[in-house]
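Visitor: Could you walk me through reading this model, one feature at a time?
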Amino acid sequence: MPKAVWKDIVIAESDDTVVVEGNHYFPRASLREDVLRDSDTRTYCPWKGQASYYTLESSGNRSEDAVWYYPDPKDAAAMVRDRVAFWKDVEVLD
């Protein structure tokens with residue numbers, strides 16, 4: 001089952017991921033709330049729409065904007081609605 005690991009902490013795990021452009025998008029409900037911090041960062045993808053981010057924080061460790069999601073994806077990217085993906089120092093294991 002795919003899982004996202006950050007600083008030896010499993011922050012998401014699900015057998016219901018969607019792979020888009022090489023990234024596993026996990027159901028939002030599978031993500032641990034206790035390590036998330038809101039971020040004001042926004043980026044734009046021409047075919048998916050505007051992305052929002054979360055920063056990870058736990059035990060004095062912090063990873064800025066390591067989690068992204070599309071709160072209102074374009075129709076072509078409907079498969080990522082209510083899902084999150086990871087980068088930076090988060091490792092996704094199959």
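Guide: Gladly, and let us begin with contact, which means heavy atoms within 4.5 Å. Leaving aside neighbours within four places in sequence, Ile11 is in contact with Ala4, Trp6, Ser30, Leu31, Arg32, Val35, Leu56, Phe86 and Val90. Keep in mind that this is a predicted model, where local features need pLDDT of at least 70, side-chain atom pairs count only at pLDDT 80 or more, and totals for chains, interfaces and linings use all residues. Residues are numbered from 1 along each chain as its sequence is written, and side-chain values use heavy atoms, with hydrogens and water left out.

Visitor: Which residues have the most contacts inside the largest nonpolar core?

Guide: In soluble globular proteins, nonpolar side chains tend to be buried together. A nonpolar core is a set of buried Ala, Val, Leu, Ile, Met, Phe, Trp, Tyr and Cys residues joined through side-chain atoms within 4.5 Å; buried means under 20% relative accessible area, exposed over 50%, partly exposed in between (1.4 Å probe, protein chains only). Here the largest core has 17 residues, and Ile11, Leu56, Val67, Phe86 and Val90 have the most contacts inside it. Another core, of 10 residues, lies apart from it and includes Val20, Trp68, Ala77 and Ala85.

Visitor: How many aromatic pairs are there?

Guide: Rings of Phe, Tyr and Trp (its six-membered ring) pair if their centres lie within 6.5 Å; planes under 30 degrees apart count as stacked, over 60 as edge-to-face and the rest as tilted. The count is three. One of them, Tyr25 with Trp68, is edge-to-face, at 6.1 Å centre to centre and 90 degrees between the planes. Tyr25 and Trp68 are both buried. Tyr54 and Tyr69 are stacked, at 4.9 Å and 20 degrees. Tyr54 counts as buried because its relative accessible area is 11%.

Visitor: Is Arg83 buried or exposed?

Guide: Arg83 is buried, since its relative accessible area is 12%. Beyond residues up to four places away in sequence, Arg83 touches Asp16, Thr17, Val18, Tyr25, Phe26, Pro27, Arg28, Trp68, Tyr69 and Tyr70.

Visitor: In what order do the three strands of the open sheet run?

Guide: Strands of a sheet pair through backbone hydrogen bonds, either parallel or antiparallel. Strands (E, at least two residues) are DSSP runs, numbered from the N terminus, and two of them pair if DSSP finds at least two bridges between them. In this sheet the order is S2-S1-S9, with antiparallel pairing. Three bridges join S1 to S9, and Ala4 stands opposite Val92 in S9.

Notes:
Helices (H or I, at least four residues) and strands (E, at least two) are DSSP runs, numbered from the N terminus.
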